[in-house]
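Keep the model open as you read.

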Amino acid sequence: MHTIRFDGKTPGAADCEQEISLLAASSKAGVPLNHRCGGHARCGTCLVTVAEGAEHLSDMGIAESRVLKALRAQPDQRLACQAWARGEVLCRY
Ligand code: FES
């Protein structure tokens, strides 16, 4: 089991048995992350900063890279709908 923690306006945490997207974990944790495009790597509204546990996240795909580049995101930022966690992660949003 691993825990995905969210630090922001509404902090929360989700204990997860399996690999899970950060967006799904936020929903499970009751954290209201925006996700205007429904998780299709189009809107960028689910942008989070990964404070800890980046090594436990899935690799970045082409669609996510494209959106992050358009947003001029920092290297520690990911799209919650595209980043899947296999271990402990702390996100700020
Ligand atoms: S929900 Fe739109 S990019 Fe993640």
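Two strands pair if DSSP finds at least two bridges between them. Strands (E, at least two residues) and helices (H or I, at least four) are DSSP runs, numbered from the N terminus. This is a predicted model: local features need pLDDT of at least 70, side-chain atom pairs count only at pLDDT 80 or more, and totals for chains, interfaces and linings use all residues. Residues are numbered from 1 along each chain as its sequence is written.

Start with the sheet. It is open and has five strands, in the order β2-β1-β7-β4-β5, with mixed pairing. β2 (12–16) and β5 (77–79) stand at the edges; each has a single partner strand, so one side of each lacks a neighbour in the sheet. From one strand to the next, the twist averages 30 degrees. Angles run from 0 to 180 degrees between N-to-C directions, with axes fitted as lines to C-alpha atoms, for helices over the stretch in contact.

Now look at β7. Strand β1 (residues 2–7) pairs with β7 in the parallel sense, over four bridges. Here D7 stands opposite R92. Strand β4 (residues 47–52) pairs with β7 too, but antiparallel and over three bridges. T49 stands opposite R92, and V50 has C91 as its bridge partner.
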